[in-house]
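Me: Hi! Could you walk me through this one, a bit at a time?

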Amino acid sequence: KKALDSNNLTDALNHYVESLRFTPANKQVRKRLAALYYGKGEVRKAAEILQKGIALDRNDSTLRLSLAKMLMKEQQNAVALTVLSTLPASVSVEYLSLRAALAQKEKHDELALQSYQQLVQREPDSGRWWMGLGIQQERAFQLADAKSSYSQALTKLGLSSQSQQFISDRVSLIESLEEQPSED
């Protein structure tokens, strides 16, 4: 840390490498070292350090989250989603929300649906999670569930006026589909 404070990157890297050698399970040291390598433009080296930490503790979500964020910065969303597809025993809302957003973007609908279901359980007052759940339910043709989730979203916090309009439009569409006679 002193080397970093003195802007001596080479010494800082050497000290963190040495520290990690003696305490390979220290997640803070691992994350700091990865960040230093990433800052130097050594993306592969940074990713490798985080991956080794994940291999040491498969249930750690913080290293997975760090690696996924780094991969996203490198425009590697599909790989970032692979890192987050594993669901450790205890994960943060940030982990779940990033997993849900990436899964939705990458068209991994089942993973996105599961993630949004967990998010609404964790934070039932968040309109964003209800909207995300509604979108995924609609993609899965669970229209009654989607309509219900969208309706929930409109009663919750955190939605922009554009999101509220989007939800209203989706509910209207679902209602119009429900009114159409089925072709038997």
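**A buried arginine and a helix pair**

Reply: Arg64 has a relative accessibility of 5%, so it counts as buried (under 20% relative accessible area, with exposed over 50% and partly exposed in between, using a 1.4 Å probe and protein chains only). This is a predicted model, where local features need pLDDT of at least 70, side-chain atom pairs count only at pLDDT 80 or more, and totals for chains, interfaces and linings use all residues. Residues are numbered from 1 along each chain as its sequence is written, and side-chain values use heavy atoms, leaving out hydrogens and water.

Me: Which helix does Arg64 lie in?

Reply: Helix H5, residues 61-73 (helices are DSSP runs of H or I, at least four residues, numbered from the N terminus).

Me: And what does Arg64 touch, leaving out residues up to four places away in sequence?

Reply: Ile54, Arg58, Val83, Leu84, Thr86, Pro88 and Tyr95, where contact means heavy atoms within 4.5 Å.

Me: New topic: how do the axes of H3 and H4 cross?

Reply: At roughly 165°, and the axes come within 7 Å. Axes are lines fitted to C-alpha atoms over the stretch in contact, with angles from 0 to 180 degrees between N-to-C directions. H3 and H4 are therefore roughly antiparallel (over 145 degrees).

Me: Which residues of H3 make the contact?

Reply: Arg30, Lys31, Leu33, Ala34, Tyr37 and Tyr38, and on the H4 side the contact includes Ile49 and Leu50.

Me: What else is Leu33 in contact with, beyond its neighbours within four places in sequence?

Reply: Leu13, Tyr16, Val17 and Leu20, along with Ile49.

Technical notes: Helices (H or I, at least four residues) and strands (E, at least two) are DSSP runs, numbered from the N terminus. Angles under 35 degrees count as roughly parallel, over 145 as roughly antiparallel, 65 to 115 as roughly perpendicular and the rest as oblique.
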